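Please consult the sequence and structure shown below.

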Amino acid sequence: MKQQKNESVKIMELDNYIEQIKPLDEDAVNAAWTHWDSLCKPLRGMGRLEEMAVQLAGIYGTAKLGEIADLKPVVAIMGADNGVVAEGVSQTGSEVTAQVLENMGDRKSSVCIMSRQMGIEVIPVNIGMFVDGKHPRIWNRVVRYGTANMAKEPAMTREEAVKAIETGIQVVKDLYEAGCRMIITGEMGIGNTTPSSAMAAVLLDKDVAEVTGRGAGLSSVGLEHKIEVIRRAIEVNQPDKNDILDVLSKVGSLDIAGMIGCYLGGAMLRVPVLIDGFISSVSAYCAAQFAPESKAYMVPSHCSAEPAGRMMLDALGMTAPIQAGMHLGEGTGAVTAYSLYQYALALYNGLPSFAEGNVEEYTHQK
């Protein structure tokens, strides 16, 4: 009874966060489109880049994007371990999760090297590894030390799932208070394509084989075993696809839960949150189910090469601007997409008007 009461309280707290999410500023959106159409170029000629700038205007509540001197983007990496690794669903052991987060602390992982080129900070967050992070740059925000083996029992309790979501919200709040105005989602967790594939199969009502990929390089035999393990986990736990918390707690992971919180927190604080790949998009989908208004603050970056990468984006009604076959994780695809913002804002703030460019003005034709 006490556990049920605690869970009810946590869900009420989560609802309080969600109630703070408001729609985009439509006046700013319309003003941003008017500004684009006044610039010396073919109308809507920059396609998705124009849409990205307009979305920023709606999020920040102003079409004067030149006044936003520094978005101060940051990559928030949710690091967690998965008990299902005991079933042999990954090429490496869980100890690699902690090692990679330590490498992130030393700024020598893939996303750190890429982010350095863009002047972006990387924050590795330990939301649920089997061990505490040692590096001083790691934020230890442990909800529980790894999930249980979902092939035998629920990955976590509903209360723990809510706590992990709230932890993601708090991370975004802390980053916002530090001046960050753009969040890039990322994750690190050996075996985490297994829970993400399980969640995708349940939420999208797909056969497990359709949504499950090789992750970090499984053999064909390994892939078949992974599919069998996911099917067993779904059979054992019987997650209800109409109850996001049920799916998340039974066959999900702590990094997925943390990223759900990042999307909700970003929407609550009116900052854009960039979706990375497949695992990040599972979190984005869940966040949009919790709070439909939060979707307006999400930005697709690239389409993962994982089988369900495009499926999750389709379910969100989104199209990613980058189609490069990436599936590394860590936020690498989203960091790549940040360069598009640099180009979009350079044009938005720097192009002359038609009059200033001595070019006859284009008009929208019916």
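Which residues line the largest cavity? The lining consists of Ile275, Asp276, Gly277, Phe278, Ser281, Pro300, Ser301, His302, Cys303, Ser304, Gly309 and Leu313. The model is predicted, so local features need pLDDT of at least 70 and side-chain atom pairs count only at pLDDT 80 or more, while totals for chains, interfaces and linings use all residues. Residues are numbered from 1 along each chain as its sequence is written, and side-chain values use heavy atoms, with hydrogens and water left out.

**Sheet**

- Six strands form an open sheet in the order β3-β2-β1-β4-β5-β6, with parallel pairing. Two strands pair if DSSP finds at least two bridges between them; strands (E, at least two residues) and helices (H or I, at least four) are DSSP runs numbered from the N terminus.
- The edges are held by β3 (139–140) and β6 (298–300); each has a single partner strand, so one side of each is left without a neighbour in the sheet.
- Strand β2 (residues 121–128) runs parallel to β3 and is joined to it by two bridges. Asn126 stands opposite Asn140 in β3.

**Helices across the sheet**

- Helix α6 (residues 158–177) lies across β1 (73–80), β2, β3 and β4 (182–188), and runs at about 155° to β1. Axes are lines fitted to C-alpha atoms, for helices over the stretch in contact (heavy atoms within 4.5 Å), and angles run from 0 to 180 degrees between N-to-C directions.
- Helix α14 (residues 332–350) lies across β1, β4, β5 (273–275) and β6, at about 160° to β4.

- The largest pocket has a volume of about 540 Å³. On a 1 Å grid over the protein atoms alone, a pocket is an open set of points with protein on both sides within 12 Å along at least five of seven lines, a cavity is a set where a 1.4 Å probe fits but cannot get out, and lining residues have an atom within 4 Å of a point.
- Of the 30 residues lining this pocket, Asn192, Thr193, Gly215, Ala216 and Leu328 are the closest to its centre.
- The elements giving two or more residues to this lining are β4 and α12 (278–290); α12 gives the most, with three residues.
- By class, the pocket lining divides into nine nonpolar, 15 polar and six charged residues.

- To the lining of the largest cavity, α12 and α13 (309–316) are the elements that give two or more residues.
- The second largest cavity, of about 30 Å³, is lined by Asn82, Gly83, Val84, Thr147, Ala148, Met150, Ala155, Pro195 and Gly252. Its lining has five nonpolar, four polar and no charged residues.

**Aromatic pairs**

- The whole structure holds three aromatic pairs, defined by ring centres within 6.5 Å, with planes under 30 degrees apart counted as stacked, over 60 as edge-to-face and the rest as tilted.
- The ring centres of Trp36 and Tyr348 are 5.2 Å apart and the planes stand at 75°, so this pair is edge-to-face.
- Because Trp36 lies in helix α2 (residues 26–38) and Tyr348 in helix α14, the pair ties together parts that are 312 residues apart in sequence.

Definitions and conventions:
Grid points are joined across faces, edges and corners, and a volume is the space filled by probe spheres set on the points. Ala, Val, Leu, Ile, Met, Phe, Trp, Tyr, Cys and Pro count as nonpolar, Asp, Glu, Lys and Arg as charged, and the others, Gly among them, as polar. Rings of Phe, Tyr and Trp (its six-membered ring) pair if their centres lie within 6.5 Å; planes under 30 degrees apart count as stacked, over 60 as edge-to-face and the rest as tilted.
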